[in-house]
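The stops below go from backbone geometry to side-chain packing.

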Amino acid sequence: MDTRWFQDFVTLAEVQNFTRAAEMRNVSQAAFSRRIQALEQWLGAKLIDRAAFPTRLTPAGDHFRKVATGLLNQIADAKAAIGDAPSRNHVRIASTYALASTRLPGWWRQWSGEGAITCSLEVGNVHDTVSAFNAGSADILIGFHQAAHPIQLDMARFERHELGVEQVRPYASRALAASGGLALPGTSARPVPLLMYSASGYFARVVDSAIEQSSQALVGYRAFEAEMTDVLGDLASQGLGVAWLPDSSFVAGRLADLVPVGEGAWDVEVSIVAYRARTQARAVVGQLWERVCSGAPSPCEATADPR
């Protein structure tokens with residue numbers, strides 16, 4: 001039995017797709033499938049219902065998922081506990097691109113205790129970072145949250161803390177806005193060029209809802225799509241259209257040539273939230289979590305999320 005099989009299985013259970021799980025585990029799909037089959041043979045039970053789409057766990061697989069997650073956490077805790085001081089004082093954080101490149105460096109300066117705690121960072125889109133966290137590959141998850149589009153986590157297993165609130169607003173370059181070349185809310189004869197998030201991205205749903213629920217109809221066309229806020233912000237800076245960006249995009253004077261447009265008609269609010277497992281036993285994770293909570297406005301939650 002190879003303990004990597006446990007991580008393979010937990011990842012597959014989370015993403016429900018063999019191809020995506022194999023990519024996340026950095027192996028070929030054929031090799032990944034063989035490892036899942038080897039785990040099933042070792043256990044003497046089928047864990048995956050291969051006739052279902054998307055991939056679904058069997059009752060045995062659903063039971064073993066909880067066991068495998070617990071074992072992986074225990075192994076990681078034991079490895080850190082018996083290792084040297086650098087290993088014991090090391091944490092793993094998963095975060096989105098937007099926050100990792102803007103907010104996280106400043107927060108880490110406060111949380112790390114002048115280097116007493118070390119960190120490895122896993123960066124990706126919301127789906128990938130949540131999947132990694134759910135699978136036990138990260139000790140703490142930091143991401144965006146909106147009540148209308150909640151992150152899919154079992155709050156019986158995890159606790160959360162709000163780090164702050166940001167506005168996501170439409171922006172255009174100062175030159176474009178001043179030139180009169182941007183006629184909001186647009187018309188069928190002159191639609192607004194929109195720089196939008198890819199359909200698979202978390203902000204795509206947030207922004208689409210803000211547009212749909214606004215009392216003012218926006219007439220535009222999707223001039224460009226991308227997953228990352230940095231890409232959309234840079235395109236907006238070049239005068240190529242309107243991009244929806246969170247406040248964190250402007251940390252340290254970034255994108256200073258952009259101005260908000262729309263007079264609030266298509267603005268939307270999101271929270272920045274940190275999560276950790278309720279059963280996390282490593283002392284360094286508990287120490288970091290205390291610092292995360294002490295440096296933000298709301299108290300740490302002691303009970304399950306009421307959503």
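In which loop is the place of Leu255? Select the loop between β9 (242-246) and β10 (258-260), and Leu255 is there; helices (H or I, at least four residues) and strands (E, at least two) are DSSP runs, numbered from the N terminus.

This is a predicted model, in which local features need pLDDT of at least 70 and side-chain atom pairs count only at pLDDT 80 or more, while totals for chains, interfaces and linings use all residues. Residues are numbered from 1 along each chain as its sequence is written, and side-chain values use heavy atoms, with hydrogens and water left out.

Stay on Leu255: its phi is positive, near 50 degrees, and the residue is not a glycine. Leu255 is buried, at 17% relative accessible area (buried is under 20%, exposed over 50%, partly exposed in between; 1.4 Å probe, protein chains only).

Next, select Glu263, in the loop between β10 and β11 (268-277). Glu263 also has a positive phi, about 50 degrees, but is exposed, at 85% relative accessible area. Most residues other than glycine have a negative phi, and most peptide bonds are trans.

Then go to the loop between α9 (174-179) and β7 (192-197), which holds Pro185. The peptide bond from Leu184 to Pro185 is cis, with omega near 5 degrees.

Finish at Trp244. Beyond four places in sequence, its contacts (heavy atoms within 4.5 Å) include Val168, Leu194, Tyr197, Ile211 and Trp266. In the largest nonpolar core, of 66 residues, Trp244 is among the members touching the most others, with Trp111, Ile142, Leu153 and Leu288. Such a core is a set of buried Ala, Val, Leu, Ile, Met, Phe, Trp, Tyr and Cys residues joined through side-chain atoms within 4.5 Å.
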